[in-house]
Amino acid sequence: MHVTGASSGIGEACVARFVAEGATVIGSDVAEPEAGFAGVSFVQCDVRDAGGQQQVVEQIMADHGQLDVLVTAAGVASGGPVHSLDLEEWQRCQDINLTGTMLSAKYALGPMIAQKSGSIITIASVEGLEGCEGGSSYNAAKGGVVLLTKNLANDYGVVGIRANCICPGFIKTPMFHSVVDQMPWADEIRKQHKLRRFGESSEVAGAAFFLASDDSSFVTGISLPVDGGYTAGHAYGLAEMWT
Ligand SMILES: NC(=O)c1ccc[n+]([C@@H]2O[C@H](COP(=O)([O-])OP(=O)(O)OC[C@H]3O[C@@H](n4cnc5c(N)ncnc54)[C@H](O)[C@@H]3O)[C@@H](O)[C@H]2O)c1
């Protein structure tokens, strides 16, 4: 299997979970993993680099002869109100979060079509399902990932390939800390998760493992919130009054 964004956070947790389950894992990332991975091949690759992504898949096929699972966890935080949004930053966000996801899927699909099997698991966000203040470029890119994934399910179900999208709530990763730690309203965000806590990257990895496994053999085209209830509705603090 191939995990993009493998060096940190959710991608790193996916690598750890799949290795623990006995999978052969190839991780790629633009940054080297800080800790390194025992028993995992790592390839340095920027998801925006089409030639590089093609080479990663060619190497996987040369070394292992099959590619069963793709998890696209590479991504960057972005956003800001549109009137002051820098065009280059908008483009960077779309290029990494949306186009990068598309390229990862594009090159994985060759072997998967030949095999007539495969599971593609994209990582969008709750911000791909609903808007939020200042979300702009990030919401747009993640909304794109949600629909791109549905389209993959539409186009390749006929050859036995499944495609599903995970939409995490706020998960405690380096990206989370770089963004949420600066927010005076971080506790308001926490309370919007109906379990009243932020998530762990291992909880997203667990969902990815389900979507890769035969336990989800009839599941394709879904957008699965792993969000502690963030998208279940609005929290006003009423529940605290009766519990
Ligand atoms: N942490 C959250 O709260 C949260 C919530 C919803 C969705 N997500 C999404 O989950 C994914 C993983 O996020 P995370 O929180 O683990 O972040 P993270 O910053 O800890 O990890 C992201 C990884 O992606 C890599 N990356 C960035 N740009 C890249 C590029 N151009 N090419 C290849 N690799 C690149 C980084 O080097 C890093 O290792 C992202 O797509 C993010 O948008 C995160």
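Predicted model: local features only at pLDDT ≥ 70, side-chain atom pairs only at ≥ 80, totals over all residues.
Local features are given where pLDDT is at least 70, side-chain atom pairs count only at pLDDT 80 or more, and totals for chains, interfaces and linings use all residues. Residues are numbered from 1 along each chain as its sequence is written.

**View 1. Helix α3 packs with helix α4.** Helix α3 spans residues 87-115 and helix α4 residues 136-156; helices are DSSP runs (H or I, at least four residues) numbered from the N terminus. Their axes are 9 Å apart, at an angle of about 15°; axes are lines fitted to C-alpha atoms over the stretch in contact, and angles run from 0 to 180 degrees between N-to-C directions. The two helices are therefore roughly parallel (under 35 degrees; over 145 is roughly antiparallel, 65 to 115 roughly perpendicular and the rest oblique). The crossing of α3 past α4 is right-handed, meaning that the near helix is turned clockwise from the far one by less than a right angle. Contributors to the contact include W90, L98 and L109 of α3 and Y138, V145 and Y156 of α4 (C-beta atoms, placed from the backbone, within 7 Å). By class, this contact of α3 with α4 holds 12 nonpolar, five polar and two charged residues. Ala, Val, Leu, Ile, Met, Phe, Trp, Tyr, Cys and Pro count as nonpolar, Asp, Glu, Lys and Arg as charged, and the others, Gly among them, as polar.

**View 2. Helix α3 bends at L109.** The bend is about 35° (the angle between axes fitted to the seven residues ending there and the seven starting there). A proline, P111, follows within four residues. The 29 residues of α3 should span 42 Å, and its end C-alpha atoms are 41 Å apart, which agrees; the expected span is 1.5 Å times one less than the number of residues. Just after α3, K116 has a positive phi of about 60°.

**View 3. Helix α2 meets helix α3.** The axes of α2 (residues 50-64) and α3 come within 9 Å and cross at roughly 30°, so α2 and α3 are roughly parallel. Their contact involves A50, Q53, Q54, V57 and M61 of α2, together with L103, S104, Y107, A108, G110 and P111 of α3. Seven of these residues are nonpolar, four are polar and none is charged.

**View 4. Helix α1 packs with helix α7.** Helix α1 (residues 9-20) and helix α7 (residues 201-212) have axes 8 Å apart, at an angle of about 55°, and are therefore oblique to each other. Their crossing is right-handed. Residues in the contact include I10 and F18 of α1 and V204 and F209 of α7.

Conventions:
Contact = placed C-beta atoms within 7 Å.
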